[in-house]
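Please look over the structure shown below together with the notes that follow, which move from charged pairs to strands, loops and the chain as a whole.

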Amino acid sequence: MARALRVVSAVLVLLAIAAVGRADDVLVLKDGRRIAVRRLARRDGQVLFETTKGERFSVAEDQVVSPPLDSIPQADAPPSGTGATEQTLVLKDGRRIQVRRLGRRDGIVLFETTRGEAFSVREDQVVSPPVESIPVVGGAAPADQVKEQTLVLKDGRRLQVLRLARRGGQVLFQTTRGEGFSVPEDQVVSPPLDSIPQADAPPSGTGATEQTLVLKDGRRIQVRRLGRRDGIVLFETTRGEAFSVREDQVVSPPVESIPVVGGAAPADQVKEQTLVLKDGRRLQVLRLARRGGQVLFQTTRGEGFSVPEDQVVSPPIESIPSLDATPGPVATPTPPPTPEASPVPTATPAPPAPKLPETPDFVPVRSRWDLPFPADPRWPRGKLVDPYNQNILKGDKPVAGNSLFLVLTGSLESPFEGRNLPVGSGVSAERAGSQEFFGRYGQFFTSPRATVSAEVFKGQTAFKPKTFALKATGVFNLNYLRASERNVVHIDPREGQTRRREDASLEEAFAEVKLADLSPNYDVVSVRAGIQP
């Protein structure tokens with residue numbers, strides 16, 4: 001016995017020593033979580049850490065219990081400049097992300113959040129800021145980094161990825177959904193590490209001729225040229241695109257330091273006009289131009305956007321100047337002289353073609369319930385069996401005309417109860433030879449209740465009461481009990497151990513009619529007749 005106690009004590013001492021040796025690898029938070037981590041650092045009031053599985057997260061410093069904050073090293077501060085300004089990235093799925101850096105490369109928008117986490121999304125998922133204002137970083141990726149391939153990890157996961165690279169003992173990869181992640185190199189099974197290219201270091205800065213244009217809305221745009229004319233600041237981005245904003249929207253550089261270029265701008269480029277789109281929007285714009293099948297325009301707030309040409313209703317496409325390069329004149333060979341011929345009588349010119357009517361500013365809509373929303377995940381189209389989106393069976397759309405609706409409602413309540421209660425075996429026990437007083441205790445009881453309701457009403461009830469309504473509700477109930485002894489479900493022991501009863505009833509049936517409106521605020525007098533619960 002004493003020897004066994006000594007062995008147990010030695011084992012406990014070894015476990016304690018091992019726990020002390022691992023204390024520095026455990027991050028303890030105020031909510032009680034204990035996280036095994038591989039790396040720890042502090043930056044901007046956040047504690048950044050990497051778990052033993054290679055995942056990276058961050059928490060606020062005031063949430064950390066252990067280790068002491070003074071023992072956690074400071075991470076390098078993010079470089080100052082364009083990438084370090086905090087701004088909001090808005091995506092099509094409704095997310096609004098506070099980011100510190102933004103960049104574009106090969107159709108992907110790369111960004112770093114204010115918590116120091118790096119992610120990426122596809123360019124077509126970005127709503128704001130405009131994609132054109134996001135600077136392009138690095139060069140085009142090699143073809144072997146862009147093709148889709150499979151990344152196999154030691155834990156058995158097989159991930160379809162578009163890009164792979166190595167840096168600092170980590171394998172960086174981008175999934176086919178545009179999300180960016182990283183795992184330790186020792187977790188990768190396939191492809192071989194030697195075949196994964198090393199990631200280049202981020203660019204240290206821009207060229208000597210580039211500068212940063214800072215606007216009041218927080219945008220920081222890398223530009224190659226700057227000039228002023230007629231209260232407008234003209235600039236060319238590092239991608240060669242030309243835009244303009246009003247002078248009062250510029251924060252840096254000082255407007256006085258921007259050189260004045262050329263003479264007065266043409267009146268047809270500066271005057272305010274209205275751009276009408278097929279979706280009904282009417283935008284006040286300062287400039288309009290066409291390029292590559294897109295209509296580029298600048299709003300009166302100085303923001304630049306573009307839409308496809310086939311979405312423009314007014315002004316006519318032909319009246320919008322084109323920015324596409326037009327081919328120069330082609331030299332044609334001089335034909336040899338021909339002998340003079342007798343003059344040919346001049347044909348009468350054909351009458352001019354009739355002018356087509358312009359597209360009207362307003363287009364009639366057959367039904368306000370079937371507006372053609374564009375295809376987008378934020379506007380799902382309902383189905384007949386879909387109770388969560390627009391559905392004709394739950395009153396979202398009229399079943400006839402423009403104001404007659406049908407609402408179908410169904411519910412099912414199914415309580416189940418199992419219980420053990422002292423039950424006497426009675427004069428007729430279920431089992432021969434059982435005790436004279438107490439029998440088996442087990443009982444099972446259920447009483448499901450189903451309700452089905454249908455209502456037909458007329459009236460657009462979003463802003464006024466119903467004109468008339470018809471409603472009926474039916475109820476069905478099942479009552480079932482099973483006991484382990486007789487004499488429980490019925491006084492007659494011959495009835496056995498189970499009891500079942502079914503009931504159906506009309507719970508609600510009434511009609512309601514509006515008699516009169518009493519005021520412009522839709523105070524009404526109505527009458528209702530029938531049965532109600």
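This is a predicted model: local features need pLDDT of at least 70, side-chain atom pairs count only at pLDDT 80 or more; totals for chains, interfaces and linings use all residues.

The side chain of Glu 512 meets that of Arg 528 in a salt bridge, with 2.8 Å from N to O. Because Glu 512 belongs to strand β31 and Arg 528 to strand β32, this pair ties together parts that are 16 residues apart in sequence. Arg 528 is likewise partly exposed, and its relative accessible area is 41%.

A second pair brings together Glu 502 and Arg 500, whose closest N and O atoms are 2.7 Å apart in a salt bridge. Here Glu 502 counts as partly exposed at 44% relative accessibility, whereas Arg 500, with a relative accessible area of 55%, is exposed.

Glu 112 forms a salt bridge with Arg 101, and the closest N and O atoms of the two are 3.3 Å apart. The pair links distant parts of the chain, with Glu 112 in strand β8 (residues 108-113) and Arg 101 in strand β7 (residues 96-105), 11 residues apart. The two partners fall into separate classes of accessibility: Glu 112 counts as buried at 11% relative accessibility, while Arg 101 is partly exposed, with a relative accessible area of 29%.

How many salt bridges does the count come to? The count comes to 27 salt bridges, and among the residues involved in such pairings are Arg 38, Arg 39 and Glu 50, which are linked in a network of salt bridges.

## A five-stranded open sheet

Five strands form an open sheet with antiparallel pairing, and their order across the sheet is β4-β3-β2-β1-β5. At the edges lie β4 (56-60) and β5 (64-66), each of which pairs on one side only. On average, and with direction ignored, neighbouring strands of this sheet are turned by 50 degrees against each other.

Within this sheet, strand β1 (residues 26-29) and strand β2 (residues 34-43) run antiparallel and are joined by three bridges. Looking at an individual position, one finds that Leu 27 has Ile 35 as its bridge partner in β2.

## A buried glutamine

Is Gln 222 buried or exposed? With a relative accessible area of 9%, Gln 222 is buried, because a residue is classed as buried when its relative accessible area is under 20%. Gln 222 has its place in strand β17 (residues 220-229), and its side chain is joined to that of Thr 212 by a polar contact of 3.0 Å.

## Backbone features in loops

One runs from Ser 128 to Pro 129, with omega near 0 degrees, and Pro 129 is placed in the loop between β10 (126-128) and α2 (143-146). Another runs from Ser 252 to Pro 253, where the bond is also cis with omega near 0 degrees, and Pro 253 is placed in the loop between β20 (250-252) and α3 (267-270).

A further backbone feature concerns Tyr 522, whose phi is near 65 degrees, which is a positive value in a residue other than glycine. Tyr 522 is found in the loop between β31 (498-517) and β32 (524-531), and at 36% relative accessibility Tyr 522 counts as partly exposed.

## The chain as a whole

The secondary structure of the chain comes to three helices and 32 strands. Of the 533 residues in the chain, buried residues make up 28%, and the chain exposes about 34900 Å², of which carbon and sulfur atoms supply 56%. Among contacts in the chain between residues at least 6 apart in sequence, 46% join residues at least 24 apart.

Key
Residues are numbered from 1 along each chain as its sequence is written. Side-chain values use heavy atoms; hydrogens and water are left out. Two strands pair if DSSP finds at least two bridges between them. Helices (H or I, at least four residues) and strands (E, at least two) are DSSP runs, numbered from the N terminus. Axes are lines fitted to C-alpha atoms, for helices over the stretch in contact, and angles run from 0 to 180 degrees between N-to-C directions. Buried means under 20% relative accessible area, exposed over 50%, partly exposed in between (1.4 Å probe, protein chains only). Contact means heavy atoms within 4.5 Å. Accessible areas come from the Shrake-Rupley method with a 1.4 Å probe; for residues, only the protein chains shown count as cover. A polar contact is a pair of N or O atoms within 3.5 Å; within protein, one must be able to donate a hydrogen and the other to accept it, and residues adjacent in sequence count only if both atoms are side-chain atoms. A salt bridge is a side-chain nitrogen of Lys or Arg within 4 Å of a carboxyl oxygen of Asp or Glu.
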